[in-house]
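Keep the 3D view open as you read.

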Amino acid sequence: MRKVKLQLQITTDGFVGRPGGEMDWVTFPWTDDINAHVAAIWEPVDTIVLGRKLAEGFIPAWESRPAGETEEGIDKMINTPKVVISRSLTESPWKNAVVAGGDPAETVGELKAKPGGDVMVAGGASIGRQLISRGLIDELHLFVNPVAIGAGLPLFPAGEGYHRLRLVGARAFDCGVVGLHYEPERS
């Protein structure tokens, strides 16, 4: 069975976006140490899962071959097949991406059961919450930015009690971001 990873930027007060989803608080540019760390997390990934809103910015941004990124990193993001979770799209406007409608947990569960490398859920508070709630995330890679925004989109589902996590690793980076690697504790 494939491993499903979730990577998100998060604030010190636990939000993955402002109330409207804005992420203008994210620390950039990243430093070489965090770039190398993220590259290692992505190395075994052969499928990327994105929500539609994130895909609309993520895919074109990488296809524009952004300055400051390595050619290897850009190629990885462009060439890795993507699955875009959407209730409004029926077909993909992007190359190397397919649209999956319906239940994100069902889609990711099907991907997890197929042979292959790791599946990276590259963000999206709503999709992240749904996958955590259904027990489909094997690794959480949270990049805690040195900012508090007071209110916003939480990662963990409300009203479900608590989610026990086991800390696998923590690392402070030169840009001020702290990377936290957790695995859910399963009974």
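Begin where two helices cross: H2 passes H3 in a left-handed crossing. H2 covers residues 52-63, and H3 covers residues 71-79. Their axes lie 9 Å apart, and the packing angle is about 135 degrees.

Which residues of H2 and H3 meet? From H2 come Phe58, Trp62 and Glu63. From H3 come Gly73, Ile74, Met77 and Ile78. Sorted by class, this contact of H2 with H3 holds five nonpolar residues, one polar residue and one charged residue.

Remember that you are looking at a predicted model. How confident is the predictor, and what is the mean pLDDT of the chain? The mean is 93, and 99% of the residues reach 70 or more. Among the elements, strand E7 (residues 165-172) has the highest mean pLDDT, at 98. Helix H5 has the lowest, at 89.

Now step back to the whole chain. It has five helices and eight strands. Follow them along the sequence and you read β-α-β-α-α-β-β-α-β-α-β-β-β.

Next, consider the overall dimensions. Along the principal axes, the C-alpha trace spans about 40 × 40 × 30 Å. A compact globule of 187 residues would have a radius of gyration near 16 Å. The chain has 16 Å, so it agrees with that expectation.

Move on to a second pair of helices. H4 takes in residues 104-113, and H5 takes in residues 125-133. Their axes are 9 Å apart, and they pack at an angle of about 65 degrees. H4 and H5 are therefore roughly perpendicular to each other. Their crossing is right-handed.

What meets what in this second contact, between H4 and H5? Pro104, Ala105 and Val108 of H4 meet Ile127, Gln130 and Leu131 of H5. By class, the contact has five nonpolar residues, one polar residue and no charged residues.

Finish with two details of the backbone. Most residues other than glycine have a negative phi, and most peptide bonds are trans.

Pro29 sits in the loop between strand E1 (4-11) and helix H1 (32-42).

The other detail is at Arg65. Arg65 is not a glycine, yet its phi is positive, at about 55 degrees.

Notes:
Residues are numbered from 1 along each chain as its sequence is written. This is a predicted model: local features need pLDDT of at least 70, side-chain atom pairs count only at pLDDT 80 or more; totals for chains, interfaces and linings use all residues. Side-chain values use heavy atoms; hydrogens and water are left out. Axes are lines fitted to C-alpha atoms, for helices over the stretch in contact, and angles run from 0 to 180 degrees between N-to-C directions. Helices (H or I, at least four residues) and strands (E, at least two) are DSSP runs, numbered from the N terminus. A crossing is left-handed if the near helix is turned anticlockwise from the far one by less than a right angle, and right-handed if clockwise. Contact means heavy atoms within 4.5 Å. Ala, Val, Leu, Ile, Met, Phe, Trp, Tyr, Cys and Pro count as nonpolar, Asp, Glu, Lys and Arg as charged, and the others, Gly among them, as polar. Angles under 35 degrees count as roughly parallel, over 145 as roughly antiparallel, 65 to 115 as roughly perpendicular and the rest as oblique. pLDDT is the predictor's confidence in each residue, from 0 to 100. The radius of gyration is taken over C-alpha atoms; the globule rule is 2.2 Å times the number of residues to the power 0.38.
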